[in-house]
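Dear colleague,

I am passing on the structure below, and after it I set out what was found. Please read the notes beside the model.

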Amino acid sequence: MKHKKLILSMMGVALILVACSSLLQSSSAPEIDDTPDAENGERIYFNATSQRGGRISYTGGPALGGMMMGSYLTCAACHGPTGQGGRHTMHMTVMDAPDIRYVELAHEMEEHGGEGEYDLVTFRKAVVNGEHPDGDSLDRDMPRWKMSENDLADLYAFLQSLE
């Protein structure tokens, strides 16, 4: 009987310790919303601004930046309002922007030696590092965007919504 009481008592202490430990961990860790927000992704695509932190900066890209004098470059400036890309002239330079709708990005994996599905890691390589899935550099006209992981996931979610 004493052994049963001792075991039950020890189990009670263990449960209390587990409960306190998880309570301490949850109260000290900041809450992170890891659910992608396609609406913010759309904002990033068309305006190069995030609801989280304002303007999104970049390096590289077309020699003179945005489409019109002094304007800021956006994804839509090159890839168009539907993400289908195409050939267009920017500052008297002809540029071919690829189709970046999610349905087309899967072909990018096939064409450039990637394995598996075109995922957020592969998307990050393109948008942030300027690389194809196989590591080859994207065209120099592709800016290297500097954005948070959450904003990148939001932009990726928006592209997945395009048909």
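Which element gives the largest share of the lining of the largest pocket? That share, 5 residues, comes from α4, where helices (H or I, at least four residues) and strands (E, at least two) are DSSP runs numbered from the N terminus.

The model is predicted, so that local features need pLDDT of at least 70 and side-chain atom pairs count only at pLDDT 80 or more, while totals for chains, interfaces and linings use all residues. Residues are numbered from 1 along each chain as its sequence is written, and side-chain values use heavy atoms, with hydrogens and water left out.

The largest pocket holds about 620 Å³ of space (a pocket is an open set of points on a 1 Å grid over the protein atoms alone, where a 1.4 Å probe fits, with protein on both sides within 12 Å along at least five of seven lines; lining residues have an atom within 4 Å of a point; the volume is the space filled by probe spheres set on the points). Of its 33 lining residues, the closest to the centre are His-79, Pro-98, Ile-100, Leu-138 and Met-142.

Turning to charged pairs, there are 7 salt bridges (a side-chain nitrogen of Lys or Arg within 4 Å of a carboxyl oxygen of Asp or Glu). One of them joins the side chains of Asp-151 and Arg-52 at 2.7 Å, N to O, and this pair links distant parts of the chain, 99 residues apart, with Asp-151 in helix α6 and Arg-52 in the loop between β1 and β2.

With regards
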